[in-house]
Amino acid sequence: MARPPRFEISQLLDAAVRLAAEHGPSGVTMSAVAQAVGAPSGSLYHRFAGRPALLAEVWLRTVEGFQEGYFAALRSGDGPRAGGRAASRHVVAWSRTHPQEAALLLYGAHEFGRDDWPEEQLRRADEGNMRVRAAVAALAGALGLHGELGLERVSLAVVDLPLSLVRRHLRGGEPLPAHAEELAEQCTDALLTAG
């Protein structure tokens with residue numbers, strides 16, 4: 001009977017998230033993650049083919065966890081404007097409750113070595129990006145905002161605006177202010193209403 005693994009993948013990825021939040025993507029190495037959990041380096045190579053696969057999984061687990069709530073928020077509420085407001089609020093609220101993951105996502109996938117990721121992880125990343133674009137386009141259509149300008153307005157309202165609020169505070173080393181969710185939601189509503 002095979003011995004159960006002493007170090008779970010989630011435990012290794014949690015350590016990688018902490019390292020990324022503290023040191024950026026360059027701080028996420030196989031040996032640093034192993035040291036952080038007290039595992040031999042071989043434990044990581046047994047689960048990840050190499051550093052590119054580790055970086056891909058750290059990024060994808062984080063962004064997919066965020067997106068799950070984001071898509072649910074977009075579908076919530078009474079109508080498309082309410083869904084847009086809820087999605088904007090989700091960006092800020094998720095970042096508040098997941099500060100290390102939010103700090104990680106302030107870097108882009110390319111900073112996590114996307115060009116070297118294995119094919120399966122590239123496919124997952126592309127599918128996630130396509131889902132976000134499709135959701136934003138569907139919201140724009142539901143709001144009656146068409147064409148390039150309409151799509152830009154909705155992208156600004158439910159993606160760029162709440163992310164800029166989060167980015168400013170996290171990069172400044174400050175906690176998000178208590179009113180951040182409300183402010184993001186109000187600004188999103190103003191953009192969606194003006195359309």
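Student: How many helices and how many strands does the secondary structure of the chain come to?

Tutor: The chain has nine helices and zero strands, where helices (H or I, at least four residues) and strands (E, at least two) are DSSP runs numbered from the N terminus. This is a predicted model, in which local features need pLDDT of at least 70 and side-chain atom pairs count only at pLDDT 80 or more, while totals for chains, interfaces and linings use all residues. Residues are numbered from 1 along each chain as its sequence is written, and side-chain values use heavy atoms, with hydrogens and water left out.

Student: What makes W59 and F112 count as buried?

Tutor: Buried means under 20% relative accessible area, exposed over 50%, and partly exposed in between (1.4 Å probe, protein chains only). W59 has 10% relative accessibility, so W59 counts as buried. F112 has 0%, so F112 is buried also. Of the 195 residues of the chain, 44% count as buried.

Student: What makes G77 count as buried or exposed?

Tutor: The relative accessibility of G77 is 59%, and therefore G77 counts as exposed. G77 is placed in the loop between α4 and α5.

Student: Why is the pair of W59 and F112 called tilted?

Tutor: Rings of Phe, Tyr and Trp (its six-membered ring) pair if their centres lie within 6.5 Å; planes under 30 degrees apart count as stacked, over 60 as edge-to-face and the rest as tilted. By this rule there are five aromatic pairs. In one of them, W59 and F112, the ring centres are 5.8 Å apart and the planes stand at 40°, so the pair is tilted. The pair links distant parts of the chain, with W59 in helix α4 (residues 51-75) and F112 in the loop between α6 (99-105) and α7 (119-142), 53 residues apart.

Student: How do you know that the pair of F66 and Y70 is stacked?

Tutor: Their ring centres are 5.6 Å apart and their planes lie at 25°, so the pair is stacked. F66 and Y70 both lie in helix α4, four residues apart, about one turn of the helix. An α-helix has 3.6 residues a turn, so residues three or four places apart point the same way. F66 and Y70 are both buried, and together with F71 and W94 they form one aromatic cluster.

Student: How do you know that the span of helix α9 is close to the expected value?

Tutor: The expected span of a helix is 1.5 Å times one less than its number of residues. Helix α9 (residues 180-194) has 15 residues and reaches 21 Å from its first C-alpha to its last, close to the 21 Å expected.

Student: Why are the buried residues of α9 said to line one face of the helix?

Tutor: The buried residues of α9 are A180, E181, A184, E185, T188, D189, L191 and L192. Seen down the axis of α9, these residues fall within an arc of 165°, so they line one face of the helix; the arc is that of the directions from the helix axis to the C-beta atoms. They pack against α5 (80-97) and α8 (147-171), where contact means heavy atoms within 4.5 Å.

Student: What share of the contacts in the chain with a separation of 6 or more comes from residues 24 or more positions apart?

Tutor: Such residues account for 67% of those contacts.
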